[in-house]
Amino acid sequence: MIPAAFEYYRPQDMAGVLAILEEHGDDARVMAGGHSLIPMMKLRMAEVPHLIDLQDVGGLSDITVEASRIVIGAMVTQADIIDSAELTAAAPILREAALQIADPQVRYMGTVGGNVANGDPGNDMPGLMQCLDATFTLVGSDGERDVPARDFYEAAYMTARDDEEVLTAVSIPLPSGGYAYEKQKRKIGDYATAAASVQITQSGGTCTSAAIAMTNLSDTPIFSEAAGAALVGTALDDAAIKSSVAAMLNDIDPTEDNRGPIAFKKHVAGVILRRAIERAWSRA
Ligand code: FAD
């Protein structure tokens with residue numbers, strides 16, 4: 001498969017990127033790791049007459065752990081996340097999730113920015129970032145703005161990002177308590193049939209907060225506020241977990257595809273969420 005012809009640009013700074021985006025509008029797109037965009041171009045599902053490679057733009061590949069938050073540059077790869085001991089100490093759920101994305105070859109190229117900006121409901125990081133209450137920083141010719149991950153996803157491949165904006169960083173409040181990223185897939189390297197991100201805190205055996213997000217069970221990631229609320233104030237007994245799962249099932253809207261019929265996906269979602277809650281609780 002060969003993509004349609006395109007002009008290739010490799011600007012050295014963000015001003016250069018924004019100038020090309022402004023000049024060509026919808027006809028231009030940035031490329032990060034290229035592991036979602038290039039396959040789509042080859043399949044002719046995306047036509048990109050002007051392709052802007054972000055590899056040479058400085059300042060997008062840092063991981064910074066601050067006193068109260070983590071900042072991850074858009075060009076940080078999934079492999080960088082796995083390799084960063086400092087990041088793993090601060091937010092171990094990031095490594096647990098990154099290890100379940102695709103395979104090592106993809107993880108060496110695929111970036112955090114590309115994964116969250118793409119808007120693919122199958123991508124693992126959007127739900128993870130909603131669970132962690134992350135904020136995405138976008139830059140365009142009108143300046144910079146921040147959008148919460150929980151408000152970013154509008155429909156499959158549709159996000160709050162304007163075509164002329166570039167996502168530069170993801171900021172995450174320092175998480176605390178127990179965590180789990182649980183993913184069911186058909187085989188190694190596959191996208192999720194269902195995945196759950198859970199972050200839980202407790203005090204004296206009672207749950208004090210719970211954030212839950214689900215992946216590939218709707219045309220956007222689903223942050224289920226009700227599923228988290230069902231756990232708060234409980235000792236995470238069986239009844240509380242059942243209520244949480246029921247609340248999550250009420251929030252998702254899976255469709256039938258080659259990963260299974262709707263009833264199967266809902267069943268898997270329930271199993272996955274229960275496992276994630278129990279593992280997160282054991283670590284809280
Ligand atoms: P690109 O492909 O370069 O870009 C993707 C899209 O995002 C494009 O539209 C591009 O214009 C846009 N974009 C990229 N960076 C920015 C930015 N900074 N600002 C604004 N827009 C931007 N992913 C998973 O999450 N889970 C999986 O299990 C999984 N399995 C995979 C298996 C295979 C075989 C392959 C090839 C990919 C798989 N992926 C999976 C996708 C992989 O993780 C991608 O690399 C990732 O989703 C996109 O990151 P990228 O850096 O390659 O982005």
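Reply: Start with the word "domain": domain bounds come from an automatic or database domain assignment. For this protein the assignment gives domain 1 (7–53), domain 2 (63–173) and domain 3 (178–283). The model is predicted: local features need pLDDT of at least 70, side-chain atom pairs count only at pLDDT 80 or more, and totals for chains, interfaces and linings use all residues. Residues are numbered from 1 along each chain as its sequence is written.

Me: What makes a stretch a helix or a strand, and how many are there in the protein?

Reply: Both are DSSP runs, numbered from the N terminus: a helix is H or I with at least four residues, a strand is E with at least two. The protein has twelve helices and 14 strands.

Me: Why is the protein called as compact as a globular protein of that length?

Reply: Set the value against the rule. The radius of gyration is taken over C-alpha atoms, and the globule rule is 2.2 Å times the number of residues to the power 0.38. For 284 residues the rule gives 19 Å, and the protein's radius of gyration is 19 Å, so the protein is as compact as a globular protein of that length. Its C-alpha atoms fill a box of roughly 60 × 45 × 35 Å, taken along the principal axes.

Me: Is Asn216 called buried or exposed, and why?

Reply: Count C-beta atoms, placed from the backbone, within 10 Å of the residue's own: 20 or more others means buried, 12 or fewer exposed, and in between partly exposed. Asn216 has 28 others, so Asn216 is buried. It sits in the loop between strand E13 (206–215) and strand E14 (222–223).

Me: What makes a set of residues a nonpolar core?

Reply: Its members are buried Ala, Val, Leu, Ile, Met, Phe, Trp, Tyr and Cys residues, joined through C-beta atoms within 7 Å. The largest such core here has 79 residues, and Leu54, Val170 and Ala280 are among those with the most contacts inside it. Helix H12 (residues 262–283) gives the most to this core, with seven residues.

Me: How do you know that domain 1 and domain 2 touch?

Reply: Two residues are in contact if their C-beta atoms, placed from the backbone, lie within 7 Å. By that test, 13 residues of domain 1 are in contact with 17 residues of domain 2. Helix H1 (residues 14–24) gives the most to domain 1's side, with five residues. The C-alpha centres of the two domains lie 19 Å apart.

Me: Where does the ligand lie, and how do you know?

Reply: A residue is near a molecule or strand if its C-beta atom, placed from the backbone, lies within 6 Å of it. 29 residues surround the ligand, and the closest are Gly33, His35, Gly110, Gly113 and Gly114. Domain 1 and domain 2 both give residues to this shell, so the ligand lies between them. The largest share, four residues, comes from H7.
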